[in-house]
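Subject: A structure for you to look at

Hello,

Here is the structure I promised to pass on.

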Amino acid sequence: MSGVVSFLTRRRGGRFWHWTDIVSWLWLIGGLVVMFGPAIWLVGSSFKTPAQLAEFPPTILPYVSQQATVEGHDKPLTLYRVKLPDGSTKVLAELRRIGTVAQMVDPKAPNDIVKVNIASREPVREIGFATENYTEPFVHFDFLRYLRNSVFVTAMATLITLLTNSMAAFALSKYRFRGRDLTMLLIVGTLMVPLSVILVPLYSVVSAVGLLDSLWGVILPTVATPTGVFLLRQYMLTIPDELLDAARMDNASEWQIYWRIVLPLAAPALAVLAIFSVVWRWNDFLWPLVVLSRKELYTLQVGLNTYAGQLNVQWHYILAMTVVTMIPVVLVFVFLQRYITSGIAGTGLK
Amino acid sequence: MTAAATLKTWTGAALAAPVVWLASIVNVPLKSWQRATGTGGMAAFFLAPNMAIFGIFVLVPLVINFFYSATSGTAYFLQDRTYVGLEQYQRLLDCGSYLDTATCREDLFWKAVHNTGLFVVVQVAMMTIVSIATALILNREIVGRSFWRAVFFFPVLLSPVVTGLIWRWILQRQGLLNLIVHDMGGEPYNWLTDRFWAFTAAVSVSVWAHMGFYTLILLAGLQAIPRDLYEAAEMDGTKPARVFWRITLPLLMPNLLVVIVLALIRAVQIFDEVYVLTGGGPGTSTLYLTQYIYEIGFASLLRNPGLASAASILMGLVLVVLTLLQLQVGRRGERKGARE
Amino acid sequence: MGRITLTDIDRAYGKIKILHNINLDVGDGEMLVLVGPSGCGKSTLLRLIAGLDRPTGGRIEIDGADVTEVSAARRGLAMVFQSYALYPHMSVRQNLAFGLENIRMAKAEIDARIAEAARMLDIAPYLDRRPGQLSGGQKQRVAIGRAVVRNPTAFLLDEPLSNLDAELRISTRAELAALHKRLATTMIYVTHDQVEAMTLADRIVVMRSGRIEQVGRPLDLYNAPANLFVAGFIGAPRMNLLPVKVRSASGTQVHVEGPGGLSATIAADGTALRPGDEATLGIRPHDIELSDDSKGSVEARVTLAEALGPETVVHAIIAGDNKLVAVLKRQDVQTQGQPINLTLPTERMHLFDCAGLRVASR
């Protein structure tokens, strides 16, 4: 709370709340709700049972119906709070339901069957998590295999992207040569070319070089990202040429200049690109879908889609798998976000 | 040094060692290459890997695309297709009035063009304003800036599929939005079956998903503006609004241009999240160009890769113009920073 | 050895010529200072010598070997940059070691050289810091240290003091001079500051618009500037330049007359001059003296007198619009608006012809 107060008084100097302080905080708090709300709602929903997911109005928290084992019945029975005709309420277990009438039984007196209209009862529930939403996809689907494929694609594509893009950006920012502007034009020009524009011809090229139905067919077409080259080049332009000249005087070869001087200094930009590359490749959907037809090569996104595309959409599984798909990316982000903040600070040359 | 830190250092060194070793090995042949070809040859070397991949998987398909657009049939390999010249283009451009999609032979294409145009304008405008506002607020001396920055950046990570699914889940009949409407005494509504609300949802969801990225770029630009400029303005008694228009905005311009151009590119490409969210519906109200191209090229029963190619090339032409414009603006900014 | 010879060096960027036919011979162990206003091509020339840039014409030799097409790394030179260009991601020690590692020097030798340079330059306490944590002066020392450890054939220094504050600049200047004496290595030093040039140089090269105006020892340049540009550039305050008319001229004497009753007979080779020619007379402010009477002196009106203590800088006007600055070794000088009589000693006068070239003294 003292942090809030010091914020409010720091920027504008006075002890009064400047209107911009109030707007700022409203914006930030609103942002917090709007940005995280949907994801939290997703996580909450992913723990709900199929029956609960179909309810309206939906509950904020996941509940599970209480069940009880009743003598004479093998399976546990669902408990309901029933309003009896005499006005009293009682907790009964449901045996079976026919139309609007349910046959129910008192768990303490298992032989007395009571017929109850379903309008006069409601299930006994407590907060609980339908964890089977998470555990079952591992059994029913090749979830682990998809995960491994996704990790492989993401890691390889990111490494190759960082290396090739930074090399190209280095050449385009620190050398004068004929055709440089043309190359830059090509690269910036293709910034504007969405994958789906060249989807059809790309498909035939990839199949011509024999990469159809291979993870490398997913990786290679994505690594020469114009965005990465563009981003890194803009950053490298800010590295003073004098530093490179100094290295040349220090007997450094051009490769050493790239590797020992420019690359470390471009670390903040590389980190940004690494984050985006990881996220892009992890999240890639359309291209893997087109290239991969063998199920064991599917990435997570494609696997998720296959699941969501089934005739009978099982939301409880989809929501849970969606949450799992989110987790690694969030972890990577949290790790690299810290790295970026420290990386941008403290460069000696101004 | 603690045991953990020692371990970290050692792991780092162990991981780095092979890479460093590899880099120094690479240096040996490269030095002779440099001696033989000069720095010009080194430029070629540095460009080669990227440009080879780029050439095979971007440029070649781009060129082949033109041949596709001049052929007909449903086969994917060029040799299996029949040459038809400009027929596909004629088909696309055959229109009574370009403003009335019903008069067009390929009315879906023109529907998609109109929808995309509107989407791009509204979405980029909204994106720019929201990102600037957020970046300005994050640039203030707020407590926990990195936390707040992370908050707005968070959705950028989500895959379009996930984003689409999340919002479909929220906007559906039993969704969160209807819960809020219900709690406020309103009637639940099928948001995604309404043309206006579906469009609004498409724009809002895509802004929601990507604004963090642009905010990050703008924030970096804002933090690069020297503090003493603001202090000088404060000494002059400049009003905050004037500081924004005369100092912040002009100095932020390079970053802002990057943001607008990138936002344009993304907006024109819009596909995945809207496709998952609305499927292009209701009707064709959120059918955008990429989806049209994708469906005609791959998905639809009336598959016609040639027509898809022709449509994509028409879209590409518009993008080329935008690119040239951007390059012109960018070069002007760059010349300012050129050395003596 | 560190002899550097430039022959007919040209450098053009497209159609724009930056350097015109530069010929220069730098002797071993010499401190040569390239001086001139910004844009005169002095930095370009230094980069050509360094090998960071290639001339469009001409030849560069180091110790007799043609290095025109040799890369920067293999010329055996070291450079100190204006911005210092320290690698910001490396510690001071790594900055110093980088160039030595690149030539695969033994670790022990590297350490020894760094220790020696650190001792010499007083940078030992910050060897493990990053450049970002150093002050301007410390960075400057590290930049010099990086050049020193290389043990180069010659040092190239590109305005190394321009990022320092005035006080530090003076002390560092002295240290640089001492360093040069100790190392006795050739140094080529670029600056736009003529004081640095005068204090440091064995020889000065004055450049303008890509051409060498004059080469010579500092006092030679001061005492006998080859043309008006050098005359105006070397020495502070600037030399006074007055328009005069040649009245008579011979092989040993030139008589001129100028504004404010100025009349002087200068011992100079006037064979190329004709009576009635326009000429320029130069006199340094420090050479002007106060006169008690009007005989043989110039009448001037004081516009400003700046009393500095040991001397007084007098700004005056002669005959309407000819400005004159005099530095007088006294404190009792007429104040603003007062007339004053000034003596311009003829033996300290410099005469330039209508093309601006010096008329040789006799």
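In this predicted model, the centres of domain 1 and domain 2 of chain C, taken over C-alpha atoms, are 39 Å apart. Domain 1 of chain C covers residues 4-233 and domain 2 of chain C covers 240-352; such bounds come from an automatic or database domain assignment. Where the two domains meet, 5 residues of domain 1 of chain C are in contact with 5 residues of domain 2 of chain C (two residues are in contact if their C-beta atoms, placed from the backbone, lie within 7 Å). The domain 1 side of that meeting has 3 nonpolar, 2 polar and no charged residues. In these classes, Ala, Val, Leu, Ile, Met, Phe, Trp, Tyr, Cys and Pro are nonpolar, Asp, Glu, Lys and Arg are charged, and the others, Gly among them, are polar.

Residues are numbered from 1 along each chain as its sequence is written, while chains are lettered from A and ligands numbered from 1 in the order in which they are written. As the model is predicted, local features need pLDDT of at least 70 and side-chain atom pairs count only at pLDDT 80 or more, whereas totals for chains, interfaces and linings use all residues.

Chain C also holds an open sheet of 4 strands, in the order E2-E1-E4-E5 and with antiparallel pairing. Strand E2 (16-26) and strand E5 (65-66) of chain C are at the edges with a single partner strand each, so one side of each has no neighbour in the sheet. Inside the sheet, strand E1 (residues 4-13) and strand E4 (residues 57-62) of chain C pair over 5 bridges, antiparallel. You can find C:Thr7 opposite C:Arg59 in E4(C). Helices (H or I, at least four residues) and strands (E, at least two) are DSSP runs numbered from the N terminus, and two strands pair if DSSP finds at least two bridges between them.

Now for the chains together.

Chains B and C have no contact, and their closest C-alpha atoms are 9 Å apart.

The predictor gives the complex an ipTM of 0.79 and a pTM of 0.74. Chain C has a mean pLDDT of 90, and chain A averages 79 (pLDDT is the predictor's confidence in each residue, from 0 to 100). In chain A, pLDDT stays under 50 over residues 1-14 and over residues 340-350. Where pLDDT is low, the predicted coordinates should not be read in detail.

Enjoy exploring, and write back with any questions!
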